[in-house]
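Visitor: I would like to go through this model piece by piece. Please show it first.

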Amino acid sequence: MKRGFLKTAKAKKTEGIALPPVASTPPNGDGSFAPRPHIKLPYGKVETARPPEGFVSNKVFGREFSGDTVDYSENAIILTTLPSMNLGATLDDEPDNWTECILAGHIKRRILSTPGFPRSVEKTAGGKVNHRVGPSPFGGLGVFATRPVRTGDLIVAERPLLISPRGFREAVLSSSKGLTQEEMIQVQMQEWEEQLGIALKRMTDENRKAFMALANSHTEDGSGPILGIIRTNGYKVPGLYDGHEDDDTRAYTAVLNIMSRINHSCSPNTRHRFDMASLSFELRAIRDIKKGEELFYSYCDIFRTKSERAEELAPYGIVCACPGCVGATKETDLLRSELEKRIEKIQADHHVWMKDRSRPNVLASSLKLIAEIEKEGLSSTPSFALLLGMVAAVYSASDNTNSAMKYLDQLNNHCRASTGRSSEQVALRSNSK
């Protein structure tokens with residue numbers, strides 16, 4: 001890793017550029033934003049429509065602001081570096097690195113007002129390196145464990161190379177006069193590529209090189225190289241929305257140096273969370289991982305059937321060969337699609353037992369479902385903690401202390417994997433609200 005690099009003068013010159021304001025969808029009567037129409041981008045090998053000859057796209061750049069400015073209009077789109085950096089700063093000044101961001105003005109204010117920002121990125125136990133990047137048997141590069149990792153342990157935490165809007169902004173759209181819908185989409189993609197290019201020019205040489213080295217599965221659908229990398233490798237950023245969190249067109253996406261190299265599995269062994277105060281993603285083990293084992297997370301909704309998952313993965317060019325797909329059966333499809341309902345049924349029976357101990361407890365059904373979940377690699381479901389807690393409660397009520405402690409320990413590790421906190425810390429946090 002090269003250290004001691006400088007922010008280039010060319011990149012520094014664009015600090016705080018504000019693009020034209022976003023033409024927001026009018027709010028509903030309750031003050032919430034109406035969902036934007038969803039633009040479905042092409043993928044795969046397609047004949048890309050081109051604008052008519054002589055068509056000139058809009059190339060409008062806003063005036064500059066200082067890096068500390070937060071007094072933006074609500075819908076101004078800005079380019080900024082977070083945490084802010086001074087000309088000549090090196091990794092010795094900010095060893096946790098920086099993130100180039102394309103944000104609405106109110107999003108930048110939200111980040112800067114987060115208590116503790118910019119908090120240091122969390123470190124692994126003892127500062128040990130728990131991962132390496134190397135060739136994957138599934139093709140290309142992957143990320144592997146360099147030592148045994150227990151459930152809940154932090155594998156790596158890092159700030160993104162880039163955070164940008166997940167959907168196109170009206171600010172970068174050209175006039176649609178004389179254009180077909182397909183041509184209009186291509187113009188939008190081309191113009192957005194230009195705006196993304198500004199953000200990449202602002203990156204350090206090292207970060208820009210790392211970004212451009214990432215895989216791109218969108219090379220033949222009209223996406224530019226930067227947009228293609230984002231579409232292939234982007235993580236949705238929880239908590240960053242321009243409107244309602246259910247409107248994905250108003251969400252933000254992040255591309256990371258290490259975590260964006262992790263391959264897909266429908267039976268993942270890791271999960272990630274975003275910490276706003278440090279502006280970083282944390283990757284944790286959701287089951288015990290052996291030294292040398294490849295790390296996986298899921299690009300799709302793993303609680304769907306094999307055919308549904310295959311359809312969701314198609315835009316990535318992925319034909320999944322994970323154990324959950326190769327070994328898929330009607331029974332495993334049913335387990336995945338009905339898992340939440342099964343856990344809810346056990347939880348309802350457990351509540352009845354808690355009120356009347358003469359009724360049957362849920363120990364047998366809970367242990368059976370836990371075994372099925374672990375075999376299928378579905379322990380990333382948030383409801384898994386409920387099962388562990390119910391088993392611990394039944395064992396505790398039966399004075400089986402050793403077994404109760406075993407499942408409480410698993411519950412604690414699962415909570416650390418999900419939230420970065422122990423089960424006791426989660427309970428205290430919930431009680432304080």
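Visitor: Which residues does His-131 touch, not counting residues up to four places away in sequence?

Guide: This is a predicted model, in which local features need pLDDT of at least 70, side-chain atom pairs count only at pLDDT 80 or more, and totals for chains, interfaces and linings use all residues. Residues are numbered from 1 along each chain as its sequence is written, and side-chain values use heavy atoms, with hydrogens and water left out. His-131 is found in strand E4 (residues 131-135), strands (E, at least two residues) and helices (H or I, at least four) being DSSP runs numbered from the N terminus. With contact meaning heavy atoms within 4.5 Å, His-131 touches Val-143, Phe-144, Thr-146, Ile-155, Val-156 and Ile-258.

Visitor: Is His-131 buried or exposed?

Guide: Buried means under 20% relative accessible area, exposed over 50%, and partly exposed in between, with a 1.4 Å probe and protein chains only. The relative accessible area of His-131 is 15%, so His-131 is buried.

Visitor: How far apart in space are Leu-79 and Arg-202?

Guide: Leu-79 lies in strand E2 (residues 77-82) and is buried, at a relative accessible area of 0%. In sequence, 123 residues separate Leu-79 and Arg-202, while C-alpha to C-alpha they are 9.1 Å apart.

Visitor: What covers the buried residues of H2?

Guide: Helix H2 (residues 105-112) has as its buried residues Gly-105, His-106, Ile-107, Lys-108 and Ile-111. Their cover includes E2, strand E3 (99-104), strand E8 (235-241) and strand E9 (251-255).

Visitor: How many disulfides are there?

Guide: A disulfide is taken as a pair of cysteine sulfur atoms within 2.5 Å. Cys-266 is in no disulfide, its nearest cysteine sulfur being that of Cys-325, 3.6 Å away. Cys-266 counts as buried at 0% relative accessibility, and Cys-325 counts as buried at 4%. The count of disulfides is zero.

Visitor: At what angle do the axes of H8 and H9 cross?

Guide: Two packed helices are described by the angle between their axes and the distance between the axes. Axes are lines fitted to C-alpha atoms, for helices over the stretch in contact, and angles run from 0 to 180 degrees between N-to-C directions. The axes of helix H8 (residues 330-355) and helix H9 (residues 363-376) come within 11 Å, and their crossing angle is roughly 145 degrees.

Visitor: Which residues of H8 and H9 make the contact?

Guide: By class, this contact has six nonpolar, three polar and five charged residues, where Ala, Val, Leu, Ile, Met, Phe, Trp, Tyr, Cys and Pro count as nonpolar, Asp, Glu, Lys and Arg as charged, and the others, Gly among them, as polar. H8 supplies Thr-332, Leu-335, Arg-336, Leu-339, Arg-342, Ile-343 and Ile-346, and H9 supplies Ser-365, Ser-366, Lys-368, Leu-369, Glu-372, Ile-373 and Glu-376.

Visitor: What classes of residue are in the contact of H9 with H10?

Guide: H9 and helix H10 (residues 384-397) pack at about 145 degrees, with axes 10 Å apart. Among the residues that meet are Leu-367 and Ile-370 in H9 and Phe-384 and Val-391 in H10. The contact has eleven nonpolar, one polar and one charged residues.

Visitor: What is the mean pLDDT of the protein?

Guide: pLDDT is the predictor's confidence in each residue, from 0 to 100. It stays under 50 over residues 29-33 and over residues 60-64. Of the protein's residues, 79% reach 70 or more, and the mean pLDDT is 83.
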